Amino acid sequence: MTVFEKPKSLTDAPLHYCPGCTHGIIHRLVAQAIDTLGIEGKTIGVAPVGCAVMAYDYFACDMVEAAHGRAPAVATGIKRALPENIVFTYQGDGDLASIGMAETVHAATRNENITVIFVNNAIYGMTGGQMAPTSLPGQVTQTSPYGRDVATVGYPIRVSEMLAALDAPAYIQRVAVNNVKHVKEAEKAILKAFRNQVEGRGFSLIEVISSCPTNWGMTPEAALRWVEEKMIPYYPLGVYKDQTEEGTR
C-alpha cells in the first residue's frame, strides 16, 4: 500500500529553492488539490516574478508567465476567455502586495472566479532581501538595516484583512506551513479555494505565511520558530471571509 507519494501534478524537476524554504511544501499542497479534484488537464497556472518565477517548471499543468504583479490580470483574461478551465496564480508578497496590489484588489472586488495562492515571507527573496510591503515593524532587511521604521515607511499591509473588507470576494483565509498542524490546515484551505472555483463561487485567496531562511539570515529551524513567534502574532491565522454556502451556514 502506498502511504506517501509525489502528487501527479508536480513534475520531476528538482526545486531551485534555498534549503529550508517552504515554497516546496506549498507547491505540493497546490498539486495535491489539483490531483484530488482531478482537474490537471484543464488547469492553467500563472507564475509570478519572484522566487517562484520558475513555477512553470514544477507544475504539470499548463503555465503562463506574467509580468511583475500582473498575475491576477492575466488570470482574469484567461478565465474569461476559457471559463471552463481552472485558473490559479501563485505569487509572493513583493509581487502581489506591492507592484501587483491594484490587480489583486480589483480582481477581488470583481469576484473573478480564480484562485490566488499568496506566499507571504515578509521580504523580497529573489532580489536579495529588501524590505517588502509585509516586512514587520523593526524587521532588519537589506534596505532597512536599522529595522523597519513605521514612522517613515508605514506599517506592513495585512492583505487578508484588507481584501476581506471588500463586499465581493468569496473566500479569504490565512494559513502557515511551519509545522505539521499548520500544513494540514493549509492543505484543507487550498483544496477549498480550488473547489470554490470548480463550483463557480468566485474569488478565493489563500495567504500562506512562509519562511525565508537565507534572506532572514537564519537557519531553517530558527526561521520556522520566527514564523511562530513573530509573523503569526502579527498576521493571525484564520478565515477572514467565507461567503460560500459552507461558510454561511
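Visitor: Which residues lie nearest the centre of the largest pocket?

Guide: The model is predicted: local features need pLDDT of at least 70, side-chain atom pairs count only at pLDDT 80 or more, and totals for chains, interfaces and linings use all residues. Residues are numbered from 1 along each chain as its sequence is written, and side-chain values use heavy atoms, without hydrogens and water. A pocket is an open set of points on a 1 Å grid over the protein atoms alone, where a 1.4 Å probe fits, with protein on both sides within 12 Å along at least five of seven lines; lining residues have an atom within 4 Å of a point. Of the 17 lining residues, those nearest the centre are Val49, Gly50, Cys51, Gly94 and Gly125.

Visitor: Which helix gives the largest share of that lining?

Guide: Helices are DSSP runs of H or I with at least four residues, and strands are runs of E with at least two, numbered from the N terminus. Three residues of the lining, the largest share, come from α3 (residues 93-99).

Visitor: Which strands stand at the edges of the open sheet?

Guide: The seven strands follow the order β2-β1-β3-β4-β6-β5-β7, with mixed pairing; two strands pair if DSSP finds at least two bridges between them. Each edge strand has a single partner strand, so one side is left without a neighbour in the sheet. The edge strands are β2 (62-65) and β7 (238-242).

Visitor: In which sense do β4 and β6 pair?

Guide: Strand β4 covers residues 115-120 and β6 residues 204-209. Thr115 stands opposite Ser204 in β6. Over six bridges, the sense of the pairing is parallel.
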